[in-house]
Amino acid sequence: MIDISKPAARPANPRFSSGPCAKYPSFTLQALEGAPLGRSHRAAVGKDKLKAAIEETRALLGVPADYHIGIVPASDTGAVEMAMWSLLGARPATMVAWESFGAGWVTDVVKQLKLDATVKTADYGEIVDMAALDYDTDVVFTWNGTTSGVRVTNGDMIPDTRAGLTICDATSAAFAMELPWDKLDVTTFSWQKVLGGEAAHGMIILSPRAVERLESYTPAWPMPKIFRLTKGGKLIEGIFRGETINTPSMLAVEDYLMALEWARSAGGLKGLIARADANAQAIFDFCDANDWIANLAADPATRSNTSVCLKFTDPRITDGAAFAKAVAKRLEAENVAYDIGAYRDAPAGLRIWCGGTVETTDVAALLPWLAWAFEAEINA
């Protein structure tokens, strides 16, 4: 039995949720005063805001000029499903999953679209051998496993001469990891992840190869209006100028624009990656120094720098799920960390968001409390 005292300092911001994620550090409600509330998103002011969101996204992420960027409904989920419903079926498909969201895309394709797809999976903490995939098929995968803390290290395994399309769910990777645009034909993400934006808005980025597929292929299944990217066999260009399919929240658009402005002031993409790397490294070092906790990712090379997933390894723990839940509850009760329990489908443990909107000083302040909560629960 160890008598451990509570640490003296708490994180200034205890928000470590993996989505919606922490707002950028300088966020205030007053920053949103420029939002054109009560105005039509089809009015000039609304269109200008939406177009600016697209152009600033391109500039910050370094998206090639000939790639199309669109704002779509239903967050990253809507963007991924729009891509799958619109593009799959022209060629054989390979579905790749090593965590719950990737598994959800497998279910959509196999059970809903009823395609005879090749399915490659790996357990939580592991990753599929991406080099062994057949890229002459259409390959659907997540770049960063938000619920497993395991990410693709780079795009070197994707051949330039591939015949199929690569469809990448990058929602917890965009703005925190380098994405090789020449290797990705469809890339999706949502505002509420790395930049801490508000929910319900997704982004879809299409390569010229993806556009060519859209304009030359008609899926066999009915296409809901909300998923339609073409009309009369041609890409609906307006979607990629800010003329959204449905009504967006102009308040959320303003919030995203302010987050992009902050990101530029924080050093742009390189600055955001550096912030996430520093946050994650603080936790990696903590795990190295304590034998009762470990990173869920088996290979250090694949460890995520955003959704860091942890597991308790102390042999005294007999019920891992109950123990992890109790630790998370203690930290929330102390206003030290909110929403850090592992995802419901993932192995028992904790998940700490380390994206660029989180301050490294807050991560550092959290870690002694994590040790306190562990010892307190062991004592209990």
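Biologist: Is Glu254 buried or exposed?

Modeller: First, a caution: this is a predicted model, in which local features need pLDDT of at least 70 and side-chain atom pairs count only at pLDDT 80 or more, while totals for chains, interfaces and linings use all residues. Residues are numbered from 1 along each chain as its sequence is written, and side-chain values use heavy atoms, with hydrogens and water left out. Buried means under 20% relative accessible area, exposed over 50%, and partly exposed in between (1.4 Å probe, protein chains only). Glu254 has a relative accessible area of 4% and is therefore buried.

Biologist: Where in the chain is Glu254 found, and which residues does Glu254 touch?

Modeller: Helices (H or I, at least four residues) and strands (E, at least two) are DSSP runs, numbered from the N terminus. Glu254 belongs to helix H5, residues 250-265. Contact means heavy atoms within 4.5 Å. Residues up to four places away in sequence aside, Glu254 touches Ala31, Leu32, Gly34, Ala35, Pro36 and Lys49.

Biologist: How many salt bridges are there, and with which residue does Glu254 form one?

Modeller: Side chains of opposite charge can pair when their charged atoms come close. The rule for a salt bridge is a side-chain nitrogen of Lys or Arg within 4 Å of a carboxyl oxygen of Asp or Glu. The count by this rule is 14 salt bridges. In one of them, Glu254 meets Lys49 at 2.8 Å, N to O. Lys49 lies in helix H1 and Glu254 in helix H5, so this pair ties together parts that are 205 residues apart in sequence.

Biologist: Which residue pairs with Glu56?

Modeller: Glu56 forms a salt bridge with Arg264, and their closest N and O atoms are 2.6 Å apart. Because Glu56 lies in helix H1 and Arg264 in helix H5, the pair ties together parts 208 residues apart in sequence. Glu56 is partly exposed at 29% relative accessibility, and Arg264 is partly exposed at 42%.

Biologist: Which residues are linked in a network of salt bridges?

Modeller: Lys6, Arg10 and Glu334 are linked in such a network.

Biologist: Let us turn to a strand. What surrounds Val139?

Modeller: Val139 is part of strand E4, residues 138-142, and is buried at 0% relative accessibility. Neighbours within four places in sequence aside, the contacts of Val139 are Thr94, Val96, Leu133, Asp134, Leu165, Thr166 and Ile167.

Biologist: What should I look for in the backbone angles?

Modeller: Ser75, which is not a glycine, has a positive phi of about 60°. Ser75 is found in helix H2, residues 75-87, and counts as buried at 11% relative accessibility. Lys114 also has a positive phi, near 60°. Lys114 is in the loop between helix H3 (100-112) and strand E3 (118-121), and counts as exposed at 64% relative accessibility.

Biologist: Which residues does a cis peptide bond join?

Modeller: A cis peptide bond joins Gly19 and Pro20, with omega about -5°. Pro20 is in the segment before helix H1 (44-61).
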